Amino acid sequence: MGSLASIRDRGSFDTVIYDFLKACVRSKQTIVISGGTGSGKSTILEAMSQEFNDNDRIGVVEDSQELQLSQKNVTYLHSTLWIPGTDKNSVATLSWCVQQINRQRTDKLIIGETRGAEFAADFIIGANSGMEGSLTTIHANNPRAALQKMTQFVSLAQPQATARTINESIASAVDIIIQLGFDKHKKNRLLSIVEVSETLGNTDSAQIATHPLFKFNENTEKWAFEGYLSQTLATKFENHGFDPRTFKAQGALAASVRNNRFSK
């Protein structure tokens with residue numbers, strides 16, 4: 001099983017991001033890992049799960065077994081496909097599996113890949129119902145596309161819900177989106193990290209607001225802290241023993257202090 005440290009040592013991200021990811025998991029941020037095929041979504045998800053508390057009860061749902069967690073208190077459920085000629089009610093769908101996990105009083109929910117209507121809706125319900133710090137992956141090329149895809153999935157599962165209602169539920173559940181991909185040399189890289197805000201747009205689409213945290217620069221092949229930590233995120237870090245100022249790389253701390261985004 002690969003660790004965050006081993007992924008860092010391969011150059012997928014640097015030490016500042018390594019510390020940031022550990023802080024996110026340990027401060028119970030619900031995280032969506034976005035990327036294309038072969039970008040390393042499952043690898044980094046499994047590595048991040050190693051930072052869970054040993055006392056956490058973890059529920060893992062996949063359509064095929066890929067994840068193998070090191071913690072002892074883990075329950076795994078795998079979906080089954082419907083075979084023509086068999087009773088459709090006997091099929092364990094991905095959605096059904098997530099619903100069962102939600103009933104088992106788990107502390108964390110891990111979904112191998114969010115890719116269907118009920119599947120996405122059930123993850124949002126679980127994350128909004130006491131399972132803070134849950135993890136999932138989604139196939140998307142950027143964080144905005146990941147959010148749009150989740151909105152589409154939930155709208156299919158809840159066709160009567162308005163765009164604002166759907167996006168409010170997503171924004172209240174998801175805290176961080178990690179975007180994975182490849183650099184110009186086709187090497188696996190963490191391309192960006194954004195924080196999801198609970199602020200929605202005023203239009204009918206009520207888009208979810210995000211702001212950048214880290215971004216990979218292909219020219220320098222380094223990562224820069226681009227934005228600011230919200231007061232909410234900074235406070236959660238502090239409450240779990242992390243100093244948010246340690247993530248203000250490349251001189252961004254001064255700008256954040258000027259903007260009074262957090263105080264220590």
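Student: What makes the charged end of Arg8 count as sitting over the ring of Tyr18?

Tutor: The charged end of Arg8 is 4.4 Å from the centre of the Tyr18 ring. A charge sits over a ring if NZ of Lys or CZ of Arg is within 6 Å of the ring centre and within 35 degrees of the ring normal. Lys108 likewise lies over the face of Phe52, at 5.5 Å from the ring centre.

Student: What kind of model is this, and which atoms and residues are used?

Tutor: It is a predicted model, in which local features need pLDDT of at least 70, side-chain atom pairs count only at pLDDT 80 or more, and totals for chains, interfaces and linings use all residues. Residues are numbered from 1 along each chain as its sequence is written, and side-chain values use heavy atoms, leaving out hydrogens and water.

Student: Why is the pair of Phe214 and Phe225 called edge-to-face?

Tutor: The structure holds 5 aromatic pairs. In the pair of Phe214 and Phe225, the centres are 5.2 Å apart and the planes are at 85°. Ring centres must lie within 6.5 Å; planes under 30 degrees apart count as stacked, over 60 as edge-to-face and the rest as tilted, so this pair is edge-to-face. Phe214 belongs to strand S8 (residues 208-217) and Phe225 to strand S9 (residues 222-225), so the pair ties together parts 11 residues apart in sequence.

Student: What name does the pair of Phe216 and Trp223 receive, and why?

Tutor: Their ring centres are 4.8 Å apart and their planes are at 45°, so this pair is tilted.

Student: How do you know whether Trp223 is buried or exposed?

Tutor: Buried means under 20% relative accessible area, exposed over 50%, and partly exposed in between, with a 1.4 Å probe and protein chains only. Trp223 has 7% and therefore counts as buried. Phe216 is also buried, at 7%, and Thr114 is buried at 2%.

Student: What makes the approach of Thr114 to Thr136 a polar contact?

Tutor: Their side chains come to 2.6 Å. A polar contact is a pair of N or O atoms within 3.5 Å, one able to donate a hydrogen and the other to accept it; residues adjacent in sequence count only if both atoms are side-chain atoms.

Methods: Phe/Tyr/Trp six-rings, centres within 6.5 Å; stacked < 30°, edge-to-face > 60°. Helix = DSSP H or I, 4+ residues; strand = E, 2+ residues; numbered from the N terminus.
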